[in-house]
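Please look over the notes below with the model open beside you.

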Amino acid sequence: MYSGRQALTDIDQSLQKIRSHLSQTDYDLERAGQQLLGLRQQESDTYRQLAKMRLDEIQASQLTEQLDYAERQASQLLLQRNDQIEIVASKIANSQTAQDKLDEKRIQQAIELDNAIEQLEDLLANVDLKLESDQVYLKQQIRAQDLVDMASNARNKTEQAEEELEEKGTPYRADKIFMYLWQRHYGTSQYDAGFITRFFDKKLARHIGYDKARVNYFTLNNIPKKLAEHTENLQQQAEDELARLETIQRQYEVDAGAEALEARVDKERDALAQIDKHITKEEEGFEALVKEREAFNLGTDKYIARAIDLLVESFKADPIPQLQYEAEQTDTPRDDHLVNQLAVLRESKSRLENDVSSLQGTHRSVNRKLEELKEVRRKFKRSDYDAYNSKFKDGAILASILGQFVTDQLSAKELWRIFKRSQRFQKRRYTERHGGIGLPGGIQFPTSSRGPRIKIPRGIRFPSGWGGGGSSGGGGGFKTGGGF
């Protein structure tokens, strides 16, 4: 078997792999973005050289000044952008370090909780041994079990009577004259009608033999009601006896020191919950920082957008199209070389823009996968799958499936479904997350019931069909281990 803690560790390791992939994509995007800006600046410089060759001194000076201004502004924006990128990167690194420390702290706290629960389990096992030789407890157990069985049998008879009422009562309900007289309470003290109505009702009753049929239908209706009252009475008695049995059991537990250990378990569990809250808060902050960094990597931040706008606007100056046209009309090799250089720059820009677009798609895909796996981990923790008594079948297969998710061969929905299908809780007397004494071995849990309103003491078997006693929150008072 593959423990819940091992599974959580493998999930964390898969998260690290995805984060590493995301970091590499961030680096590639940043490098490509810098290269793209470099090409744009080269393009600007080439235009400047063409201007000096083909325009008069005044026009060349004006265009050069325009291009220089745009480049200076763009460079200033890029410096501010680089400073902000460093700040965000530092915050992300600090957050990741904090998360790693919290994860380590959580592992240690989970071990503390396990130790506390194991001590309580040992104590309860000793209590079991003492109860097995306590004659008062054993007699009370027999009384409680007898009443549970009696209540269950009575419940079965009540259900049979209700089925008979449904089946045998159909002909009565189908007879319109009979149901008319029945609903008017004919033949009983509740019947109230005038002289003429009584006259005709009497004829109708005589015609269908109503008096005898009424007695039969009344009996058919009354049996389930009486049996239900009897069942409710027996079940209440059973619950009272179970409460007495639980009181004896609880006194043994208290005398053995269970309260102190239970308090320690609650304390350790609360500490674990607090760590999980800190982890969630840190993860939320981390996600916000990643989105901020993503804007830089995708080139959608305000700095890069303004820098590009400035350079593009500078290229829209009126002399530039004229420069290109004049260069193409002359035989001077120098200006032809510059025009060819512009063409090469445009082609390089186009290829690099395609690369950036592809990297942006990869970045979005990897980031989505990271968020999906983090949500799977949150569900994993919320479901207590990392509990000390949580086990998984086929650990090697699960590790392989996690690898398939990382390589995009499996969806998050399928991954979580496989985890749910493979997971099992080992039965324990004490539930790690929810508290309370669980069902020991040999106790038969009812298959279709709400159950008694109290905690089930040791040694009591609940037959199928036990129920109807009402509940008082928490699933009717049953306090079971994770295996149920």
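The points below take the chain first, then the strands, then the surface.

1. This is a predicted model, in which local features need pLDDT of at least 70 and side-chain atom pairs count only at pLDDT 80 or more, while totals for chains, interfaces and linings use all residues. Residues are numbered from 1 along each chain as its sequence is written, and side-chain values use heavy atoms, with hydrogens and water left out.

2. The chain holds 13 helices and 3 strands, taken as DSSP runs (helices H or I, at least four residues; strands E, at least two) numbered from the N terminus. Of its 484 residues, 43% count as buried, that is, under 20% relative accessible area with a 1.4 Å probe and protein chains only, whereas exposed means over 50% and partly exposed lies in between.

3. The 3 strands make an open antiparallel sheet in the order β1-β2-β3, where pairing requires at least two DSSP bridges between two strands. Its edge strands are β1 (2-3) and β3 (423-425), each of which pairs on one side only. Strand β2 (residues 390-392) is joined to β3 by 3 bridges, and F392 stands opposite Q423 in β3.

4. On the surface, F195, I196, F199 and F200 form a nonpolar patch with about 490 Å² of accessible area together. Such patches consist of residues with over 30% relative accessible area and no salt bridge, nonpolar side chains (Val, Leu, Ile, Met, Phe, Trp, Tyr) being joined within 5 Å and like charges within 9 Å; a salt bridge is a side-chain nitrogen of Lys or Arg within 4 Å of a carboxyl oxygen of Asp or Glu. Accessible areas come from the Shrake-Rupley method with a 1.4 Å probe, and for residues only the protein chains shown count as cover.
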